[in-house]
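Take a look at the model below.

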Amino acid sequence: MGEERFGEFVVVRRHDDGGAGDVGHVAELVLDRPKAMNAVSSEMARSIAAACAALAADRDVRVVVVTSTHERAFCVGADLKERNSFTDADLLRQRPVARAAYTGVLELPVPTIAAVHGFALGGGFELALSCDLIVADRTAVVGLPEVSVGVIPGGGGTQLLPRRVGAARAAELIFTARRLQAAEARELGLVDELVEEGRDREAALDLAARIAANSPVGLRAAKRALRLGHGLDLRAGLEVEDAAWRSVAFSGDRAEGVAAFNEKRRPNWPGE
């Protein structure tokens, strides 16, 4: 398992054992600021963005799993202690730095899974919402409490949450700033899979391994179609899908997939 550190607070691990997918194809983006429960400072935001840029450029990566080293938190959101020292000009300068972290996760071109335990609040939950799937254990507590401190969810929450749970439900959760325990979060669709305490990372890596066994060309195109087509009318969405289909129809992966199916063997994806 290879490991690369981005600044002080972010680590990227490349898994190479059978328990975490094919060799090198599952990458783990680890939030590693345990002394602050992974509160996202300016430095940490830059590191998240840098790690995501590296992952997006790596054609060997098929799936990314976002995890935390803190025992009781995925991420508690923005570093409000840092924010408290900011002038208005500081806050304005920091805004694009913060946005780049959330956008970096959101725009990863491969399937991305958040492994959530403990607190995932504000920007922490927005990092999870920026992923395609969220696996949570029973200790998870999620929510977007920004209006309780005089701001709004600014890491994508006002746009990503209604896409998950609908406009009215998202409005209720954002306006009340309430926190949800894991069971209710699963019931309402804020998380996708609920597992026993302490198993969120394991379950997310297992899911990533199942996904990583599939065509990397197909995975990227499917994600592109899902993302670009969302919110379009059906006819426009089907055109997005057709364009994505055309991008894979004559690929080496398609040829290998069909051949492997007919020869009853596991595909050896060329990734192109």
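Asp 253, Glu 256 and Ala 260 are buried in helix H11, which spans residues 252–262. Seen down the axis of H11, these buried residues fall within an arc of 65°, so they line one face of the helix. The arc is taken from the directions that run from the helix axis to the C-beta atoms. Buried means under 20% relative accessible area, exposed means over 50%, and partly exposed lies in between (1.4 Å probe, protein chains only). Helices (H or I, at least four residues) and strands (E, at least two) are DSSP runs, numbered from the N terminus.

This is a predicted model: local features need pLDDT of at least 70, side-chain atom pairs count only at pLDDT 80 or more, and totals for chains, interfaces and linings use all residues. Residues are numbered from 1 along each chain as its sequence is written, and side-chain values use heavy atoms, with hydrogens and water left out.

What do the buried residues of H11 pack against? They pack against helix H9 (216–229), where contact means heavy atoms within 4.5 Å. The face of H11 turned away from the buried side carries the exposed residues Phe 261 and Asn 262. Just after H11 comes Lys 264, with a positive phi of about 55°.

**Charged pairs**

Side chains of opposite charge can pair when their charged atoms come close. A salt bridge is a side-chain nitrogen of Lys or Arg within 4 Å of a carboxyl oxygen of Asp or Glu. How many salt bridges does the structure hold? There are 18.

One of them joins the side chains of Asp 58 and Arg 14 (2.6 Å, N to O). Asp 58 lies in the loop between helix H1 (42–57) and strand E4 (63–68), and Arg 14 in strand E2 (residues 10–15), so the pair ties together parts that are 44 residues apart in sequence. Asp 58 is partly exposed, at 22% relative accessible area.

The side chains of Arg 201 and Glu 28 also meet in a salt bridge (2.7 Å, N to O). This pair links distant parts of the chain: Arg 201 is in helix H8 (residues 200–212), Glu 28 is in strand E3 (residues 26–31), and they are 173 residues apart. Arg 201 is partly exposed, at 33%, whereas Glu 28 is buried, at 0%.

Another salt bridge joins Arg 93 and Asp 90 (2.6 Å, N to O). These two are three residues apart in helix H3 (residues 88–106), so about one helical turn separates them. Salt bridges that share partners also join Glu 3, Arg 13, Glu 28 and Arg 201 into one network.
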